[in-house]
Amino acid sequence: DPDNFRVHSIDHIKKLPDADKARAILEECARHIRPLLQARRWRVLKLYEICCCTAGGKNLGVGGFCCPAGDGVTSLRIAIRLRTPGHGPQADEWGAHSLRDLDYAMKVLIHEVSHIVHGNHSAAFYTLMAELTRQYETYLQKGQVLDEAGMPLTGGRKADASRHNPSLREARLAALGAAEARARTGAILGGGGRLGGGGV
């Protein structure tokens with residue numbers, strides 16, 4: 001049954017600011033990962049949010065984790081840190097419990113679904129993660145990822161004319177901003193950008 005190869009349930013932290021937006025990000029993640037899960041015949045029983053203020057989110061160096069069932073096709077649950085911590089330098093810089101964007105969440109999610117097959121961070125794990133990332137990008141470009149209304153997304157986002165052909169100065173500023181964002185992500189993830197493990 002193709003409907004089995006998907007995210008079966010999601011859960012967000014209702015007590016935090018912008019809880020409805022956090023749920024919307026998780027729902028969008030579930031839609032975006034679905035073509036990959038269907039192609040691989042994998043399933044994720046639960047996708048949920050963790051934060052510094054929840055039991056599973058105390059270690060700020062972990063961006064997410066996967067608890068695989070051990071059958072090579074099922075994750076019992078995948079957790080994603082959708083927000084900056086509620087305290088510390090990152091909270092001071094970006095605001096306590098500020099939501100990250102979909103692109104960040106999808107990078108974490110692709111990392112974590114790779115643990116369905118490979119529990120540790122082996123060379124085979126990183127090969128699979130790179131393959132899944134390329135496959136996801138192809139699905140976006142081909143319109144195989146659907147929006148909330150069931151309509152295909154092409155390229156993942158609707159075109160913004162003001163950003164489609166930036167000036168050289170705007171392009172340089174955008175590149176600088178992207179480099180700074182990568183540096184901040186590295187600082188958030190810690191450990192050289194490691195996201196999480198495959199342990200239960």
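Start by selecting Thr 74 and Arg 43: their side chains make a polar contact at 3.1 Å. A polar contact here is a pair of N or O atoms within 3.5 Å; within protein, one must be able to donate a hydrogen and the other to accept it, and residues adjacent in sequence count only if both atoms are side-chain atoms. This is a predicted model, where local features need pLDDT of at least 70, side-chain atom pairs count only at pLDDT 80 or more, and totals for chains, interfaces and linings use all residues. Residues are numbered from 1 along each chain as its sequence is written, and side-chain values use heavy atoms, with hydrogens and water left out.

**Around Thr 74**

Keep Thr 74 selected and show its strand, β5 (residues 74-81). Helices (H or I, at least four residues) and strands (E, at least two) are DSSP runs, numbered from the N terminus. Thr 74 counts as buried because its relative accessibility is 2%. Buried means under 20% relative accessible area, exposed over 50%, and partly exposed in between (1.4 Å probe, protein chains only). Leaving aside neighbours within four places in sequence, Thr 74 is in contact with Arg 43, Leu 45, Pro 68, Ala 69 and Ile 116. Contact means heavy atoms within 4.5 Å.

**Zoom out**

Now show the whole cartoon. Of the 200 residues, 39% count as buried. Among contacts between residues at least 6 apart in sequence, 67% join residues at least 24 apart.

Select residues 19-40, which form helix α1. Its 22 residues reach 31 Å from first C-alpha to last, close to the 32 Å expected at 1.5 Å a residue; the expected span is 1.5 Å times one less than the number of residues. Where does α1 bend? Look at Ile 33: the helix bends there by about 40 degrees, and a proline, Pro 35, follows within four residues. The bend at a residue is the angle between axes fitted to the seven residues ending there and the seven starting there. Colour the buried residues of α1 next; among them are Leu 26, Cys 29, Ala 30, Ile 33 and Pro 35.

Then step off each end. Asp 18 sits in the loop between β1 (10-11) and α1, with a positive phi near 55 degrees. Its relative accessibility is 40%, so Asp 18 counts as partly exposed. Just after α1, Arg 41 takes a positive phi of about 60 degrees. Arg 41 lies in the loop between α1 and β2 (43-44), and is exposed, with a relative accessible area of 53%. For background, most residues other than glycine have a negative phi.

**Helix α3, buried or exposed?**

Select residues 102-114. The 13 residues of helix α3 should span 18 Å at 1.5 Å a residue, and the end C-alpha atoms are 18 Å apart, which agrees. Since 11 of the 13 residues are buried, α3 is largely enclosed by the rest of the structure. The buried residues include His 111 and Glu 112 as well as Leu 109 and Val 113. At the start of α3, look for a side-chain oxygen of Asp 101 that reaches to within 3.4 Å of the backbone nitrogen of Asp 103.

**The cores**

Which residues touch the most other members of the largest nonpolar core? Select Ile 33, Leu 47, Leu 109 and Val 113, out of 35 residues in that core. Helices α1, α3 and α4 (123-141) and strand β5 each supply at least two residues of this core. Apart from it lies another core, of five residues, among them Ile 50, Phe 65, Cys 67 and Ala 79. A nonpolar core is a set of buried Ala, Val, Leu, Ile, Met, Phe, Trp, Tyr and Cys residues joined through side-chain atoms within 4.5 Å.

Centre on Leu 47 for a closer look.

**Two last stops**

Pick Gly 64 in strand β4 (residues 64-68). Gly 64 counts as buried because its relative accessibility is 0%. Its C-alpha atom is separated by 4.3 Å from that of Ile 80, 16 residues apart along the chain.

Finish at Thr 133 in helix α4. The side chain of Thr 133 reaches the backbone oxygen of Met 129 at 2.9 Å. At 28% relative accessibility, Thr 133 counts as partly exposed.
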